[in-house]
Structures are given as structure tokens and as C-alpha cells.
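Here are my notes on the charged and aromatic contacts, with the cut-offs spelled out as we go. Have a look at the model first.

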Amino acid sequence: MKRVFDHVGLWAAEPQPGEFWVEFSKVWVTNPRAHPQRIEYLRPLAKPEVPPDQTGLWNLWNRPHIAYRVADLETALKGEEVILGPFDPGGFGPVAFILKDGAVVEYMQYTDLSHWFGQPNPPGWTPEEF
């Protein structure tokens, strides 16, 4: 499977510089393409109460995630424990979250790399090749 690192998502409790609202998931996010370590901060409108026995969803809302850009989302998801998705959160292509070895992983199949949730890419940013 072809994949390249995209970002690390971290939950935030306080507003972050440059964050913007994503209606689909009811969270504020920052643009990881503008962060030197490719960090995406996420801050929910209201964190859902998920029982710990729902391991995948609990981890999704309580742990960081690592995201990879993949060439084919359907292939990437074969045999995986999907905990959310696939869905298109921002008009740039479908994504899905899986639980892999106890960690939350996001696979993203971009159809448009020209923006991040409608926000322009920072000057000089270019996507890594597969």
C-alpha cells in the first residue's frame, strides 16, 4: 500500500492560533501544513461521552492520531478495524480512522491537495511523493 506521512492530530482544550471551524465533525482545527512538525490541533465543540469499553471511539476522542496520505483508501482499509468513516470532512477527499495496534490512525485519500478545509496552503508547502 502506498502511503506517506501527513500529520499528527492532538486534542486541545483551549483555542489555538489560526484554528477554524469544521461543521461536519463539530471541531475547530488548525492547518498542519502551517506547523513545522505537521501538528493538527483539534478542539471539539463538545467532547462526546464515550464509554471506555468502546475502545476505538474512546481512543479517537481521547488520544492523538497519526495521519497518512494513501493512494487508495479502499485498499488501505481492507482488514482494518474502522472506527469512523469513510467520509469527506473538508472537500479534499475521503478519510477514515482505524484502530491499529492500539493507536488511532487516519488514512486520507486526497482528491485535492490545493487546500486544507478551504484554507490555502502556506507558501512553499508541497506534498511528499509516494
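1. Ground rules. By salt bridge I mean a side-chain nitrogen of Lys or Arg within 4 Å of a carboxyl oxygen of Asp or Glu. This is a predicted model, where local features need pLDDT of at least 70, side-chain atom pairs count only at pLDDT 80 or more, and totals for chains, interfaces and linings use all residues. Residues are numbered from 1 along each chain as its sequence is written, and side-chain values use heavy atoms, with hydrogens and water left out.

2. Lys100 and Glu80. These two side chains form a salt bridge, 3.0 Å from N to O. The pair links distant parts of the chain, 20 residues apart: Lys100 is in strand S7 (residues 95-100) and Glu80 is in the loop between helix H2 (73-77) and strand S6 (81-87). Helices (H or I, at least four residues) and strands (E, at least two) are DSSP runs, numbered from the N terminus. Lys100 is partly exposed at 34% relative accessible area, and Glu80 is partly exposed at 24%. For the labels: buried is under 20% relative accessible area, exposed is over 50%, and partly exposed is in between (1.4 Å probe, protein chains only).

3. The salt bridge count. How many salt bridges are there by this rule? The count comes to 4. Among them is Glu19 with Arg43, at 2.3 Å from N to O. Glu19 lies in the loop between strand S1 (3-11) and strand S2 (20-22) and Arg43 in strand S4 (residues 39-44), so this pair ties together parts 24 residues apart in sequence.

4. Arg43 again. Is Arg43 buried or exposed? Arg43 is buried, at 14% relative accessibility. Arg43 also lies over the face of Trp28, 4.2 Å from the ring centre; that label needs NZ of Lys or CZ of Arg within 6 Å of the ring centre and within 35 degrees of the ring normal. Arg33 lies over the face of Trp125, also at 4.2 Å.

5. Arg38 and Glu128. Their closest N and O atoms are 3.5 Å apart in a salt bridge. Arg38 is buried at 15%, whereas Glu128 is partly exposed at 40%.

6. Aromatics. There are 9 aromatic pairs, meaning rings of Phe, Tyr and Trp (its six-membered ring) with centres within 6.5 Å; planes under 30 degrees apart are stacked, over 60 edge-to-face and the rest tilted. Phe92 and Phe117 have ring centres 5.0 Å apart and planes at 85 degrees, so they are edge-to-face. Phe92 is buried at 1%, and Phe117 is buried at 17%. Phe20, Phe92, Tyr110, Trp116 and Phe117 form one aromatic cluster.
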